[in-house]
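The structure is shown first, and the details follow by topic.

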Amino acid sequence: MDDASRQDLALVDEELLLRQGRAAWLVETAEYTQVRIQAATARRDTASSTDTGGRAQAVVRLVWAGADPSGTFLDGRMAAVHFTQNGDGSWNRTP
């Protein structure tokens, strides 16, 4: 996944967003079992149309595996978690 797009965030932001994105996705998939994140990238979100008052936006793209509540296990599932940067440099998840 890293090779598919150029890194465009400061390393400290990228590492923070990857941690936050993984944690958020594990909460999102709480009803699943055997969840594991297979790959993740954090990049600037240039495709977002949400007005954030000029604040930076980022997206963490994840490839993950897990068994849904009915027990069907699938790998290679795709997900995206979006973030907006605050004035203090921290990042908040956006819907």
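In this predicted model, ring pairs join Trp 25, Tyr 32 and Trp 64 into a cluster.

**Pair of Trp 25 and Trp 64**
- Trp 25 and Trp 64 form an edge-to-face aromatic pair, with 5.7 Å centre to centre and 65 degrees between the planes.
- This pair links distant parts of the chain, since Trp 25 belongs to helix 1 whereas Trp 64 belongs to strand 2 (residues 57–67), 39 residues apart.
- Trp 25 has a relative accessible area of 13% and is therefore buried, and Trp 64 is likewise buried, with a relative accessible area of 4%.

**Pair of Tyr 32 and Trp 64**
- Tyr 32 and Trp 64 form an aromatic pair that is also edge-to-face, at 5.3 Å centre to centre and with 80 degrees between the planes.
- Here too distant parts of the chain are linked, with Tyr 32 in the loop between helix 1 and strand 1 and Trp 64 in strand 2, 32 residues apart.
- Tyr 32 counts as partly exposed because its relative accessible area is 22%, a value that falls between the limits of 20% and 50%.

**Thr 29 and its contacts**
- Thr 29 lies in the loop that runs between helix 1 (11–28) and strand 1 (33–44).
- Thr 29 has a relative accessibility of 3%, so this residue counts as buried.
- When residues up to four places away in sequence are not counted, Thr 29 touches Val 35 and Trp 64.

Terms used. Residues numbered from 1 in each chain as written. Predicted model: local features only at pLDDT ≥ 70, side-chain atom pairs only at ≥ 80, totals over all residues. Heavy atoms only, no water. Helix = DSSP H or I, 4+ residues; strand = E, 2+ residues; numbered from the N terminus. Buried < 20%, exposed > 50% of the residue type's maximum accessible area, 1.4 Å probe, protein only. Contact = heavy atoms within 4.5 Å. Phe/Tyr/Trp six-rings, centres within 6.5 Å; stacked < 30°, edge-to-face > 60°.
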